[in-house]
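These are my notebook entries on the structure shown here. I record what I looked up, entry by entry.

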Amino acid sequence: MMKNKVRIQNAVTYGMVILFWAVIQIMDKTGHLSSLFKGLLVPLCMYAILAVSLNLTVGILGELSLGHAGFMCLGAFSGAFLTNCLETAVPSVGLRFFLALILGALVAGVFGLLIGIPVLRLKGDYLAIVTLAFGEIIKNLINVLYVGRDANGFHFSMKDTTSLGMDKETGVVLIKGAQGITGTPRAATFTIGILLLLLTLFIVLNLIHSRTGRAIMSIRDNRIAAESIGINITKYKLMAFSISAALAGMAGVLYAHSLSTLQASSNNFGYNKSILILVFVVLGGLGNMRGSIIAAMLLTALPELLRGLNDYRMLIYAIVLIVMTIFNSSPKAIELRSVVMSRLRGGAKKEVA
Amino acid sequence: MAADNKSVKMTGGAVKNGASSGQAAGTKDSGAVPTLEVKNLSISFGGLKAVDGFNVVIGKGQLYGLIGPNGAGKTTVFNLLTGVYKPDTGTILLDGKNITGKKTIEINQEGIARTFQNIRLFKELSVLDNVKVGLHNHHKYSTLEGILRLPSFYKVEKEMNERAMELLSVFDLDKECDYKASNLPYGKQRKLEIARALATDPKLLLLDEPAAGMNPNETAELMETIRFVREKFNMTILLIEHDMKLVAGICERLTVLNFGQVLTQGETSEVLNDRRVITAYLGE
C-alpha cells in the first residue's frame, strides 16, 4: 500500500540521479560533452543538494528561510580552510576533502542550531527577513576575516594581513579577507557530486519517512495540534533547520573544492543565491525532493546551454520559469496532469507524490 | 454485558501495556482518587475574568459535560487544563498528581489529550500518519536509527502501523488509511481527531464541541462513537457541547458555566431542569 508507494517513489528519485550520472559518463567517454557543460557538472550537483536541503526547511518544516547561502558560505570556508590547513599533515587530497566535507557540514549545522534557537520563534515573513539578514551577516563577516598561521599557532584579525602580527619566516595567510581562500585543490568531481547528492537524498528522504519526519510535518500542518499530542515543537524545528543547514554546508564544501579561489562575494553567497535556491524549491514543488533536483539542474544548465542565443537567453529563462510555475501549481494544470498521468498508467494511479 | 465489557477492556488494556507503562486496569472503586480534580481555577485577560473559581471533580470512567452559553469560558477551561494558558490561581490534579502550570506537551505526556472546536488535523499527512504522530511518544526510535533504517526502525514502525490500524478500525477509518486527512468527509475528520488523541494513550479525553457542524444523523452516530470509546478504552471523558440532545443522551454529570463562573453542577437531568440554567441560555 502506502509504504510500497513511498518506496517506489524514492527508488525512482535515486534511479533518476544514477541514470543522469550514467548518461553523463557515457557522453563524456564518447566525447559528446562540451567543455562548457563539463564545467557545469559540479555546480549542477551542488545546486541540487542545496535545493533538496532547503526543501527540508521550506517544504517539510514549512518555514521560509532566505539564509541558505549563508550556511553554504560557512561550509565552503570552513571546508576550504581545513583542506589548506592540513596540507602538510595529510598529504592525500581525497582524505582532506573528505574531512573538509565533514567539518563543513558540522560547522554549518552547529550555526544552523545557534541561529535557529532565536530565529525559529518567528513565523512567516518575519522569519524570512531575519534569516536573510543572518545570511548576509555571515557572508560579510567572512569577507573581513583574516586568518594566518605561523610557528606560534593561529592568528585572527578583522582588519588586514599585517595586523595578524605573524612571524615573518613561518607565517602563512590562510584566509585573506575579501580575497578569500586561494589554492584549494580542485578535488570536486562530478562523481563525488553525485555521491553527495545521493547521500543528501538518502538522509532527507529517510528522515521524512520516519517518526521524526512525521513530527516535523505535523508541526508544519498544525502547530497547536502537534503540541497537544505531545510533539516537542522546538526540538523538531531546530532539528530540521540544522540538518538542512548542515547539508547546505556540505554543498558549500563541494563548491569550494571546485574553485581555485574562494571569495565570500555577493555573487557567490549573497541573498540572490538564497533566492535562486528558493526558486528551485518552489518550482520543483514544496516537499517534492525529486522536483527540486529537476528544477535545480534544469534552471542551472539552461542559461549556460542557451549561451548561443545570446540576447534571448534570459528571456527564454524567464518564460521557462513562468511555464514551470503554471505547470506546477495552477489547479487546471494539475488537473490536466493527473488526467494525462492516469491515462498513461491505465487509470491505475491517481496522484503523483 | 458485564463480561462482554470486561473482555473488551482486557484487550484494550493489553494493547496499552504493550505500548507504554500502562495504567492500572479499570478500577471503579468509590474511594479511588478522581481522574481529574480542579480547584478554584481562574484566569483573567486584561480586566476580564474569563474563568473565575472553576471547580470540578471527575471520577474514573465518567462521561462529564461542560456546558454554558457562548463566551462562558468553556474552551478557556480546556486551554487551561491542557496548558495553553497558565492559570492565575488554582490547582489541577490528574490522578492525584499536580499538573498545574506545566507545558502542553508535558500535560499530554501526563495523560490529557484533546480535540478542537475547529478541527485541527495534519491536513497534508495521510490518515494513518495522523494517528502515527499521536503514537510518537509511545513508540520510539532515534532520528539516526530512522535515517540509517536500522532494524529498530522496521520493528517500531511495524508496531506503530499495527497499533494505528487497530485504532483506525475502531473508528471505521481503516479503509481510508491512505487518504490525505483533508480529503476525509467532515464527520470522519472529527473521528480521526478523536483517534489521534486516543493514540497518545490518555487518562482523560477532552472533546471540544465534537458535534459542531454535524447533522442529526451524524450527531447520533457520534454519540454512539463516544459511548463506545468510553467502554472500549475505559476512558474518562470531559466534553463541551451545545447540542443538548447529545449532552442529555450521554453525559452523566454536568457543569454549567456562565460568565466564567460555575452556575451549577450535578446529575445531568437535574442540571438541565434547573431554572437558572434555562435562564442563562434563554434569558429572563
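I take contact to mean heavy atoms within 4.5 Å. The model is predicted: local features need pLDDT of at least 70, side-chain atom pairs count only at pLDDT 80 or more, and totals for chains, interfaces and linings use all residues. Residues are numbered from 1 along each chain as its sequence is written, chains are lettered from A in the order in which they are written, and side-chain values use heavy atoms, with hydrogens and water left out.

Entry 1, Thr255(B). I located Thr255(B) in strand S9 (residues 253–258) of chain B; strands are DSSP runs of E with at least two residues, helices runs of H or I with at least four, numbered from the N terminus. Thr255(B) has a relative accessible area of 0% and is therefore buried (under 20%, 1.4 Å probe, protein chains only). Leaving out residues up to four places away in sequence, I found that Thr255(B) touches, among others, Phe54(B), Tyr64(B), Leu66(B) and Val262(B).

Entry 2, the interface. I looked up which residues take part: 35 from chain B and 30 from chain A. The buried area (accessible area lost on putting the two parts together, 1.4 Å probe, summed over both) is about 2900 Å², and carbon and sulfur atoms give 61% of it. On the side of chain B, Ile105(B), His136(B) and Ile147(B) lose the most area to chain A, together 21% of what that side buries.

I found 1 salt bridge between chain B and chain A, a term for a side-chain nitrogen of Lys or Arg within 4 Å of a carboxyl oxygen of Asp or Glu. The side chains of Arg214(A) and Glu157(B) form a salt bridge at 2.9 Å, N to O.

Conventions: Buried means under 20% relative accessible area, exposed over 50%, partly exposed in between (1.4 Å probe, protein chains only).
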